[in-house]
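Take a look at the sequence and the fold below. Keep both in view as you read.

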Amino acid sequence: MAFGKEEVCAYLDERGVVYDRVDHEAVFTMEAMDALELPFAEAVVKNLFLRDDKKRNYYLVVMPEDKPANLKALRSALEARPLRFASEDDLRGILGLRGGAVSPFGVLNDEEGKVQVVIDEALRDWPAVGVHPNDNTATLRVPLPDLLALFEDRGVPYRFVGMDAVSAQ
């Protein structure tokens, strides 16, 4: 089963996860997200879908929306090969997503278990994160512990990486 917007929400409902949902026009940039003035705008995060240069490792990076992504330093922190943004084909084929809809929930569609989730250490103490439910026409505020439990239940590898140190390099 492919997890789209309604399937993600139904999955959260089945698990008893309490979340907030705002439906909105399609957004493709963080600037467009900011313009929505969501009631939980402070919880919105940015999500990047990266791969190494050999297409052996894929990373879904979750970080505060206002932090710059330094791929060279992130590579070092992950002890990975050189990193690049994954292609639209990889995004669609592995996570079942399109550009502008990258979300941690995309791993629900990763049937081969190719993707590792990398979360900025700065988010560790956030009570919740604001992410798309695999569609950029809605945003959910989901408790971070519930999102991490979802990863654990599905066997999705995740780790926290200190991106303050990464960004400063």
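This report walks through a sheet, the helices beside it and the nonpolar cores of a predicted model.

An open sheet is built from 3 strands, in the order 1-7-6. The pairing is antiparallel. Strand 1 and strand 6 are the edge strands, and each of them pairs on one side only. On average, neighbouring strands of this sheet are turned by 15° against each other, ignoring direction.

Now look at each pairing. Strand 1 covers residues 20-23 and is joined to strand 7 by 4 bridges. These two strands run antiparallel. Find Arg21: its bridge partner in strand 7 is Leu140. On the strand 6 side, strand 7 again pairs in the antiparallel sense, over 4 bridges. There, Val129 stands opposite Val142 of strand 7.

## The hairpin

Strand 6 and strand 7 form a hairpin, with 6 residues between the strands. Which residue in this hairpin takes a positive phi? Asn134 does, with a value near 65°.

## Helices against the sheet

Helix 1 lies across strand 1 and strand 7. Helix 1 runs at about 20° to strand 7. Helix 5 packs on the sheet as well, where it touches strand 6 and strand 7. The direction of helix 5 makes about 90° with that of strand 7.

## The nonpolar cores

How many residues does the largest nonpolar core have? The count is 36. Leu12, Phe49, Phe105 and Phe151 have the most contacts inside this core. Helix 5 gives the most, with 5 residues.

Zoom in on Phe49, one of the residues with the most contacts inside the core. Leaving out residues up to four places away in sequence, Phe49 touches Tyr58, Tyr59, Arg84, Phe85, Ala86 and Asp90, among others. Its partners also include Leu91, Ile94, Leu95, Val102 and Val115.

There is a second, separate core. This one has 13 residues, including Met63, Leu78, Val118 and Val161.

Conventions
Residues are numbered from 1 along each chain as its sequence is written. This is a predicted model: local features need pLDDT of at least 70, side-chain atom pairs count only at pLDDT 80 or more; totals for chains, interfaces and linings use all residues. Side-chain values use heavy atoms; hydrogens and water are left out. A nonpolar core is a set of buried Ala, Val, Leu, Ile, Met, Phe, Trp, Tyr and Cys residues joined through side-chain atoms within 4.5 Å. Buried means under 20% relative accessible area, exposed over 50%, partly exposed in between (1.4 Å probe, protein chains only). Contact means heavy atoms within 4.5 Å. Two strands pair if DSSP finds at least two bridges between them. Axes are lines fitted to C-alpha atoms, for helices over the stretch in contact, and angles run from 0 to 180 degrees between N-to-C directions.
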